[in-house]
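Biologist: I am new to this structure and would like to learn how to read its features one at a time. Could you take me through them, giving the general idea before the case at hand?

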Amino acid sequence: QVQLVESGGGLVQAGGSLRLSCETSRSILSNQVMGWYRQTPGNQREPIATITHGGKILYRDSVKGRFTISRDNAKNTVYLDMNNLNPNDTGDYYCYAAELRIGEGLIESWGQGAQVTVSS
């Protein structure tokens with residue numbers, strides 16, 4: 001598995017912004033997909049934003065126009081810029097990577113999680 005180290009997150013008021021970063025231990029382009037998932041108590045992790053090896057980006061409907069996923073290949077880092085945050089965005093955000101290895105199949109990795117709390 002690739003090691004994913006997250007940073008960012010924290011407490012912010014509604015309407016504020018935060019940036020999450022996820023640095024990978026291997027070349028970011030070795031992954032077929034990278035992205036960010038969110039989990040709240042009692043619920044499964046849900047995809048927030050993903051970016052494929054080829055650069056195709058998908059967003060959850062509730063964050064479209066407010067969140068932006070990007071990557072810096074030279075720094076092996078994926079970012080999630082979150083703007084105009086609201087209390088419904090509160091949760092633990094996890095970085096995700098999926099790498100397809102010949103003979104091994106799809107190898108999935110997760111970051112340690114970053115807590116985001118949006119106060120009203």
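Biologist: How many helices and strands are there in the protein chain?

Modeller: Please keep in mind that this is a predicted model. Strands are runs of at least two residues and helices of at least four, and by that reading the protein chain holds eleven strands and zero helices, so that its elements, followed from the N terminus on, read β-β-β-β-β-β-β-β-β-β-β. The radius of gyration of the protein chain is 14 Å, close to the 14 Å that the globule rule gives for 120 residues, so the chain is as compact as a globular protein of that length.

Biologist: What share of the residues in the protein chain is buried?

Modeller: A residue counts as buried when its relative accessible area is under 20%, and in the protein chain buried residues make up 40% of the 120 residues.

Biologist: Which residues form a disulfide?

Modeller: The idea is to look for a pair of cysteine sulfur atoms within 2.5 Å. A search of the whole structure finds one disulfide, formed by Cys22 and Cys95, whose sulfur atoms are 2.0 Å apart. Because Cys22 lies in strand E3 (residues 18–24) and Cys95 in strand E9 (residues 91–101), the pair ties together parts that are 73 residues apart in sequence.

Biologist: Is the disulfide of Cys22 and Cys95 left-handed or right-handed, and are Cys22 and Cys95 buried or exposed?

Modeller: The torsion about the S-S bond of Cys22 and Cys95 is about -80°, so the disulfide is left-handed, and both Cys22 and Cys95 are buried.

Conventions. Residues numbered from 1 in each chain as written. Predicted model: local features only at pLDDT ≥ 70, side-chain atom pairs only at ≥ 80, totals over all residues. Heavy atoms only, no water. Buried < 20%, exposed > 50% of the residue type's maximum accessible area, 1.4 Å probe, protein only. Rg over C-alpha atoms; globule rule 2.2 N^0.38 Å.
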